[in-house]
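Please keep the structure in view while reading.

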Amino acid sequence: MRHIMHLLESGDGDRIDLLARAYAKYSKLDNVFVFVKTGGEITEEMRQDGAKVYVLNGSKDTSFSTFEEISRIMLKYEIDTVVVQDELPLLHFYGRSLQMVKKDLRVIPFLHNNPENYETRGYLADKAMKMVVMQSFQNASKVIAATVEIQDTATKVLGIKPDKISVLAHMSLDKPQEFAAELDAVLRLEKI
């Protein structure tokens with residue numbers, strides 16, 4: 001069975017968090033959800049549903065300690081796959097860095113939004129983080145896209161080959177069981 005870690009920014013109730021909760025509720029895989037900045041209503045609901053949820057309350061000042069905590073969680077649950085579920089460039093940095101801790105770790109970026117929406121701040125940070133994000137997507141063995149339009153943009157903007165991208169057909173909160181089954185299938189089929 002796959003042991004999956006999902007990296008998210010915060011559990012404050014945006015669409016990505018709501019999808020994570022739906023996925024946690026109906027997934028058949030062994031999932032751990034790590035919210036690196038803050039928790040919120042969604043993280044509490046996920047805990048009540050029985051999901052493994054960690055809220056790290058990380059910030060720029062504690063990014064290394066946040067990375068250490070993510071590494072400990074990864075090793076504790078024998079994680080073999082990390083899904084970067086948010087557009088925060090720091091999450092992509094964590095995902096790529098985890099591969100130094102565990103060489104055979106699969107890191108799968110999940111494009112919920114168009115890649116042009118990725119936020120970076122400051123001139124040096126902007127260049128460095130764009131490079132981290134580009135490397136995250138280009139070096140991934142698999143990328144998940146929420147829509148065909150996002151897949152098309154990813155191939156143009158990030159230079160990802162279309163055959164590396166799995167587009168989910170059931171990205172709707174109206175059909176959470178179908179969404180969870182489809183994402184499980186994508187994550188289960190990926191070879192190590």
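Which strands does helix H4 lie across, and at about what angle does it run to E1? In this predicted model, helix H4, made of residues 89-101, lies across E1, E2, E4 and strand E5 (106-111), and its direction is at about 150° to that of E1. Helix H6 (residues 148-157) also packs on the sheet, where it touches E5, strand E6 (143-145) and E7, and its direction makes about 165° with that of E7.

The sheet itself is open and is formed by 7 strands, which follow the order E3-E2-E1-E4-E5-E6-E7 with parallel pairing. Its edges are E3 and strand E7 (165-167), each of which pairs on one side only, and from one strand to the next the twist averages 20°. In general, strands of a sheet pair through backbone hydrogen bonds, either parallel or antiparallel.

| Strand pair | Sense | Bridges |
|---|---|---|
| E2 (residues 30-38) and E3 (residues 52-55) | parallel | 4 bridges |
| E1 (residues 3-10) and E4 (residues 81-84) | parallel | 4 bridges |

Within the pairing of E2 and E3, Phe-35 has Val-55 in E3 as its bridge partner, while in the pairing of E1 and E4, Leu-7 stands opposite Val-84 in E4.

Methods
Residues numbered from 1 in each chain as written. Predicted model: local features only at pLDDT ≥ 70, side-chain atom pairs only at ≥ 80, totals over all residues. Heavy atoms only, no water. Pairing = 2+ DSSP bridges. Helix = DSSP H or I, 4+ residues; strand = E, 2+ residues; numbered from the N terminus. Axes fitted to C-alpha atoms, helices over the stretch in contact; angles between N-to-C directions. Contact = heavy atoms within 4.5 Å.
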